[in-house]
Amino acid sequence: MSRNVIAIYPGTFDPLTLGHSDVVRRAAQLFDQVIVGVAAAHHKKTLFTLDERMAMVREVLHDQTNVSVESFTGLLRDFVVARSGKVVIRGLRAVTDFDYEFQLAGMNRTLMPDVETVFLTPGLNYQFISSTLVREIAALGGEAEKFVDPAVARRLAEKIRSSSRG
């Protein structure tokens, strides 16, 4: 019996880090289709617009033939159900992520009983990277390019330059 298992990897990806792209690449080896769900994140002040974040994800992951990128607003449940998702991918960097992710998985299980949450860890080189730290490093003139794809590093540098002029 052939099954087409669709996995959803949600996040704000502001910006997409090497850890995020590593998790997507790992998920793409495990599932038939991976949809990177870029959250509009109305509750957060993002550095990049939704369109910019989606463009970065598409550019970095263009070589992954079974990966697509879509935006969503509202409940993750609604997005997953509308896409016939069977798995929600969550990245775990450290033990400190686990409490929050465990609570989220429990809530998602209640809201989507037929959908499994799968935790993936990025490679060792990427486990300490967070978008928040990358934004702070870039804003303070540090070497953010060590933590993001070159395409993202260019956009990050441009965004920081333009916001410091404005």
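**A first look**

Analyst: The accessible surface of the protein comes to about 9,400 Å², and 53% of that belongs to carbon and sulfur atoms. Keep in mind that this is a predicted model.

User: How many helices and strands does the protein have?
Analyst: There are 6 helices and 5 strands.

User: And in what order do the elements run from the N terminus?
Analyst: The order is β-α-β-α-β-α-β-α-β-α-α.

User: What share of the residues counts as buried?
Analyst: Of the 166 residues, 45% do.

User: What about contacts in the protein, how many link residues 24 or more positions apart?
Analyst: Those pairs make up 76% of the contacts with a separation of 6 or more.

User: New topic. How much space lies in the largest pocket?
Analyst: About 1,100 Å³. The pocket is lined by 42 residues, and the closest to its centre are Pro10, Gly11, Thr12, Lys44 and Arg90.

User: Which elements give two or more residues to that lining?
Analyst: Two strands are on the list, β1 (6–11) and β4 (87–91). The helices on it are α1 (18–30), α3 (76–82), α4 (95–111) and α5 (131–139).

User: Which one gives the most?
Analyst: That is α4, with 7 residues.

User: What classes of residue make up the lining?
Analyst: It has 18 nonpolar, 15 polar and 9 charged residues.

User: Back to Thr12. Where is it found?
Analyst: Thr12 is in the loop between β1 and α1. It is also among the residues closest to the centre of the largest pocket.

User: What is Thr12 in contact with?
Analyst: Leaving aside neighbours within four places in sequence, Thr12 is in contact with Val38, Ala39, Ala41, Lys44 and Arg53. One of these, Lys44, is also listed among the residues closest to the pocket centre.

User: What else lies in the loop between β1 and α1?
Analyst: Phe13 lies there. Its phi is near 50°, a positive value in a residue other than glycine. Phe13 has 2% relative accessibility, so it counts as buried.

User: Where does Pro15 lie?
Analyst: Pro15 is in that loop too, between β1 and α1. A cis peptide bond joins Asp14 and Pro15, with omega about 0°.

User: Which residues does His20 touch?
Analyst: Not counting residues up to four places away in sequence, His20 touches Tyr9, Phe13, Pro15 and Ser131. His20 itself is found in helix α1. At 17% relative accessibility it is under the 20% limit, so it counts as buried.

User: One last residue. What is the phi of Ser84?
Analyst: It is positive, about 60°, although Ser84 is not a glycine. Ser84 is placed in the loop between α3 and β4.

User: How does Ser84 count by relative accessibility?
Analyst: Ser84 is at 49%, so it counts as partly exposed.

Key: Residues are numbered from 1 along each chain as its sequence is written. This is a predicted model: local features need pLDDT of at least 70, side-chain atom pairs count only at pLDDT 80 or more; totals for chains, interfaces and linings use all residues. Side-chain values use heavy atoms; hydrogens and water are left out. On a 1 Å grid over the protein atoms alone, a cavity is a set of points where a 1.4 Å probe fits but cannot get out, and a pocket is an open set with protein on both sides within 12 Å along at least five of seven lines; lining residues have an atom within 4 Å of a point. Grid points are joined across faces, edges and corners, and a volume is the space filled by probe spheres set on the points. Helices (H or I, at least four residues) and strands (E, at least two) are DSSP runs, numbered from the N terminus. Ala, Val, Leu, Ile, Met, Phe, Trp, Tyr, Cys and Pro count as nonpolar, Asp, Glu, Lys and Arg as charged, and the others, Gly among them, as polar. Buried means under 20% relative accessible area, exposed over 50%, partly exposed in between (1.4 Å probe, protein chains only). Contact means heavy atoms within 4.5 Å. Accessible areas come from the Shrake-Rupley method with a 1.4 Å probe; for residues, only the protein chains shown count as cover.
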